[in-house]
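Here is a short tour of a protein chain, with a couple of its helices picked out. Have a look at the sequence and the 3D view, then read on.

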Amino acid sequence: MLFSSVSFIYLFLPAVMLLYFASPRKIKNAVLLFSSLAFYFMGEPVYILLLLFSSVSDFVHGLIIDKLRGRRGAKIALVSAIVINLLMLGFFKYADFFISLVNSALGTQIPLLNIPLPIGISFFTFQTMSYSIDVFRGDTAPSKNLLNFGAYVTLFPQLIAGPIVRYRTVAAELENRKSTISDVSSGMLRFSVGLGKKVLIANMLGEFCSAFRNASEPSTLFYWVYAVAYCLQIYFDFSGYSDMAIGMGRMFGFNFPENFNYPFISKSLSEFWRRWHITLGTWFRDYVYFPLGGSRVGKIKLLRNLFVVWLLTGLWHGAAVNFVLWGLSFFVLLSIEKLFLGKYLQKAPVALQIAYTIFFTLVTFVIFGSADGGTISGDLSGFFGLANLPFVSGETLYYVKSFAPVIIFAAIGATPLPKKIFSRYSALEPIFIAAVIILSTACLVNGSFNPFLYFRF
Amino acid sequence: MKKNILNIAVFCVLIFSLSLCWLSGEKNEIVASERRKAAPMPPFSEILSEEYSGKFEDFMLDSFPLRENFRKINTSLRLDFLGQKDVNKIYKENGHLSKIDAPLDESSVLYVADKINSLKEKYFPEANVFYSAIPDKNYFLAASRPRIDYDKMLSLMQENTNAQYIDIFKTLTIDDYYFGDTHWRQEKILNTADTLLAEMGNEVKNVPCKENLIGDFKGVYASQAAIDFSDTLYCLENEYISSATVESAENGSNLFVYQTEKFKGVDPYDVYLGGAEAVLDIKRPLFEGEGEKHLILFRDSFGSSIAPLLLKNYSRITLLDLRYVSSLILDEFVNFENADILFLYNTQILNSGRLLK
């Protein structure tokens, strides 16, 4: 079930809101747990067992780690927790990828397993791993309440598409939280913002990208505008979903971490990754990069650390070559930035810094997007004008003119400007909420299934 | 505080009221605006299936309260506010609505050509076989939009079809089509019908027709795009048409050429011969000095309105729609002896040739 679906907005969410707010405080977590399981069941009726297993496994491991703290057994329990999570992730997500690689490299014909990917597995395994690691490090006390812990792991607002919420962020709220009128109001506003970003902007940009992929008269201009539209589509799709998750969390009394912070105003790629998918970036920083030594090592080890993080980041996004190359392209660019370019970049005019960041972001996302019907070499050739295409075509002009207002609106919307303007007119919030819900519903009713792009993860 | 309460009130009123409307509202079986059946509620027994939530979503979308009003809002948002050039690929141009159909699918066109050739070889190798293409509205309207290469389409047909081509492009203008529908207007295609008859070797009779007003309707493009465009449907009468009866393999015999009770149905264009059917047989009595003459018309929905206009030269017209009957078993329904054969397809069908079985 998607957040941006009528069955979620008009059946599931109102039902859960009614149940939750009508329930006494003591059973609110149970309501969330069972609602979340029902939510996951609607999308993955069989894999709900996997979700339950993951929850119980890390809950038990957390208790064992705490009980054996200071002894070797605690470390064994931690490794066990991580291995179980990675085995789950590896088997369901990467088995066929590695089989394909082996077949390509060795000329073998090992049959693929064709296992359907459990929705959200990359998110909830990372979440539960972070819990076990944090318990081991002493950053959080282990949960002693399986129901509360289960509610945390399965919490439907962030279960399938993040933000990746660490247990320690919500531990206190799990035990004791309140939903004030202000919380519920701001949560509903945030949810509406996210819904509008996803349905009114991301989906429309997706129509342009789809037209590009089906073009009979490709052109260089079409590639350029596609790169911009695709990048914005991913941003609005993902940040919209995060907004909906954060908004719903707020309604239920949770304060989830922010996941996006206007990444397109970044002045370097390093800064971009501090503003884009923040919870994933900080996860890799805290659980991979820092344990490897971070930046406080020699150049060779720094390169090694960056390589590992960006290889894993690419792999996390998908079990396909283009995602690995996408991750490694950031490794190359960030290495150059950290080792050499960064100090010159800081002295450049701000406009140039932002242009540099946006340019390389576009290039990397062209690689990212080649999974959706293109090829890496074909898409990059087209983008750089090396594909022997005309600069413009009649079809290109038709679609660019048709979608120019949406693209321009999206580009402005990706900056802090709309929020600055809107914050002066906060009295209009109710009108904004009504407008977004009505317009989004209109678009949903007209269209059909509009899957969230990050569902492959 | 007041603003917060208003936020909550607005959010809850919208979400809960539409939710209650859906739960308590009637679930239609037909989506009239899109001329299709509504997605049914998936059976509970399939709840373990991964497709269940998708099917449920489709069911809910098709039965959503105020669905047509929301679709109109969507159209207005895209066309009027955002300046998009089309919605659901449907666009407005020169007072007409049309639907983008591009690019040219050469393999589909070649498939149709091959289909004609194989049918000729199998069923009527000695007959007079003709074919013609009906230009869709994009031919006249889509100059600045993605469109089929019509010249290429026609040259592919002519190079690969073992039958005589009849050019009716020159007989038509955009004014011969409905404003909000894909089809041509029967009252505007008399000249086109006469061209077909003449090219098939007939001495075309000059038979005046009376226009009977059936009513106003919303065409398929207007419905699909949720745009308020009105058209008027007429039926032409002459002594040949009024004396004819229609036999349908599915619906029985002694039906009228014009089935006006269907005007209020899902597709008003079904007035003409009752709409899309696999096999229809129109027969009329012979008039003085006439001999029997049989035309077999391989057609799509456009054929329904032009077939009656061909009755003045043919005492029997058999209509075959290969979208609904396999070309392998035609001889179970039709005797091809001593008949003229005409393949008459709209260019959008030629571009989706694999629809023909």
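Predicted model: local features only at pLDDT ≥ 70, side-chain atom pairs only at ≥ 80, totals over all residues.

Let's start with helix H12 of chain A, which covers residues 278-292. H12 has 15 residues and reaches 20 Å from first C-alpha to last, close to the 21 Å expected at 1.5 Å a residue (the expected span is 1.5 Å times one less than the number of residues). Helices here are DSSP runs (H or I, at least four residues), numbered from the N terminus.

H12(A) isn't straight: there's a bend of about 40° at A:Arg285 (the angle between axes fitted to the seven residues ending there and the seven starting there). Its buried residues include A:Trp283, A:Phe284 and A:Tyr287 (buried means under 20% relative accessible area, with a 1.4 Å probe and protein chains only). The buried residues of H12(A) pack against H5, H8, H11, H13 and H14 of chain A. Just after H12(A), A:Gly293 takes a positive phi of about 120°.

## Helix H3

Now for H3 of chain A, residues 48-67: these 20 residues reach 29 Å, close to the expected 28 Å. Among the buried residues of H3(A) are A:Ile48, A:Leu50, A:Phe59 and A:Ile65. The buried residues of H3(A) pack against H2, H4, H5, H6 and H7 of chain A.

Residues are numbered from 1 along each chain as its sequence is written, chains are lettered from A and ligands numbered from 1 in the order written, and side-chain values use heavy atoms, leaving out hydrogens and water.

Chain A averages a pLDDT of 93, and 97% of the residues score at least 70 (pLDDT is the predictor's confidence in each residue, from 0 to 100). Over residues 449-453 of chain A, though, the pLDDT is below 50.

Conventions:
Contact = heavy atoms within 4.5 Å. Helix = DSSP H or I, 4+ residues; strand = E, 2+ residues; numbered from the N terminus. Buried < 20%, exposed > 50% of the residue type's maximum accessible area, 1.4 Å probe, protein only.
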